Amino acid sequence: MTDTPTRQRRLSLARLKGLPLWSVLAAGTLTGGLLGGAYGVLTPSTYTATSYVIAVPNDKSSPDAALGFAQAYGRVATQLAVLGDAQVWAGVPVRTLQRSVRTATSPDAPMVAVSATSTRPGLAVDMANAVTRALTQHADDSRSNTRVRLVRFSRAVEPSEPTSASPAVTGLVGASAGGLLCGLALLARPRKSGQDDDRAPAPSVPGPAAAADVRGQR
């Protein structure tokens, strides 16, 4: 009676070992696809809104100076000095702005793009516009020294579609990852000596010549 569970486990392992390799790949791909799709369904969709400001030089400055200050303002936009003022208009804590707001600049144009991401489209718009508003005010405070002012080029508008990956995309990514991991596991698995590839036949060694043949050669 005590040997029955052990025998059942051995039979189960033997059946698993007898399965073809493609079934393992199919199972891994299916499992990865299900996990990826579930992640896409359970994870809330995120939306991104972007506003733009442009650096404009005055009569005593040059376009090159405006381009340089645009690069500098792009780095300053996510600093505490700017976000501390932006939180008042955005209605969220500074930590939320630090996690959600990103900036981008162009090496060819004196423009700064401020993007905010949130699970609520309206909040993403409010955060992007609040940061650009605070950034332009900080630029105005130092305009007499920089001789460059920031002008709002475009306000953020409410996005109509999420920027996060859809469940179909996450499912495809999960299926690809599951199939890849199973394939690597199959390649790295230890092989038995009897399962090695066909070896080349050993060269045959001629046997000793018969005594009659040796006498005939003499």
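Tutor: Let us begin with Arg147, which is found in the loop between α7 (143–146) and β4. Keep in mind throughout that this is a predicted model. The phi angle of Arg147 is near 60°, a positive value in a residue other than glycine.

Student: Is Arg147 buried, exposed or partly exposed, and why?

Tutor: The class follows from the relative accessible area, where buried means under 20% and exposed means over 50%, with partly exposed in between. Arg147 has a relative accessible area of 38%, so this residue is partly exposed.

Student: What can be said of the elements on either side of that loop?

Tutor: Take Thr146 first, whose place is in helix α7. Thr146 counts as buried because its relative accessibility is 14%, and, leaving aside neighbours within four places in sequence, Thr146 is in contact with Phe69 and Tyr73.

Student: Which residues is Arg149 in contact with, once its neighbours within four places in sequence are left aside?

Tutor: A contact here means heavy atoms within 4.5 Å. By that criterion, and with those neighbours left aside, Arg149 is in contact with Ile54, Ala55, Val56, Asp140 and Arg143.

Student: Where is Pro110, and which residues does Pro110 touch, not counting residues up to four places away in sequence?

Tutor: Pro110 sits in the loop between β2 (101–105) and β3. Not counting residues up to four places away in sequence, Pro110 touches Val53, Ile54, Ala55, Ala66, Leu67 and Ala70. The C-alpha atoms of Pro110 and Ala55 are separated by 5.4 Å, and these residues are 55 residues apart along the chain.

Student: How should I read a polar side chain, for instance that of Gln71?

Tutor: Gln71 is in helix α3 and counts as partly exposed because its relative accessibility is 21%. Not counting residues up to four places away in sequence, Gln71 touches Thr105, Ser106 and Pro107, and its side chain makes a polar contact with the side chain of Thr105 at 2.9 Å. The C-alpha atoms of Gln71 and Val112, which are 41 residues apart along the chain, are separated by 7.6 Å.

Student: What does the side chain of Ser118 reach, and is Ser118 buried or exposed?

Tutor: Ser118, which lies in strand β3, counts as buried because its relative accessibility is 11%. Its side chain reaches the backbone nitrogen of Arg120 at 3.2 Å. Leaving aside neighbours within four places in sequence, Ser118 is in contact with Ser45, Thr46, Tyr47, Leu123, Ala124 and Met127.

Student: How many residues does the largest nonpolar core have, and which of them have the most contacts inside it?

Tutor: The largest nonpolar core has 31 residues, and those with the most contacts inside it are Leu97, Met127, Val131, Leu135 and Leu150. Two or more residues of this core come from each of β1 (47–57), α3 (63–76), α4 (80–90), α5 (94–100), β3 (111–118), α6 (121–141) and β4 (148–154). Of these, α6 gives the most, with ten residues. As one example of the packing, Leu97 touches Leu83, Ala86, Gln87, Ala90, Val92 and Met127, not counting residues up to four places away in sequence.

Student: Which residues form a nonpolar patch on the surface?

Tutor: Leu180, Leu181, Leu184 and Leu187 form such a patch, with about 460 Å² of accessible area together. Leu184 is in helix α8 (residues 167–188) and counts as partly exposed because its relative accessibility is 48%.

Student: And how does the protein read as a whole?

Tutor: Its secondary structure comes to nine helices and four strands, which follow the pattern α-α-β-α-α-α-β-β-α-α-β-α-α along the sequence. Of the 218 residues, 28% count as buried, and the accessible surface comes to about 14900 Å², of which 58% belongs to carbon and sulfur atoms. Among contacts between residues at least 6 apart in sequence, 77% join residues at least 24 apart.

How values were computed: Residues numbered from 1 in each chain as written. Predicted model: local features only at pLDDT ≥ 70, side-chain atom pairs only at ≥ 80, totals over all residues. Heavy atoms only, no water. Core = buried A, V, L, I, M, F, W, Y, C linked by side-chain atoms within 4.5 Å. Buried < 20%, exposed > 50% of the residue type's maximum accessible area, 1.4 Å probe, protein only. Patch = residues over 30% accessible without salt bridge, like charges linked within 9 Å, V, L, I, M, F, W, Y side chains within 5 Å. Areas by Shrake-Rupley, 256 points an atom, 1.4 Å probe, with all protein chains shown as cover. Salt bridge = Lys/Arg side-chain N within 4 Å of Asp/Glu carboxyl O. Polar contact = N/O pair within 3.5 Å; in protein donor to acceptor, adjacent residues only side chain to side chain.
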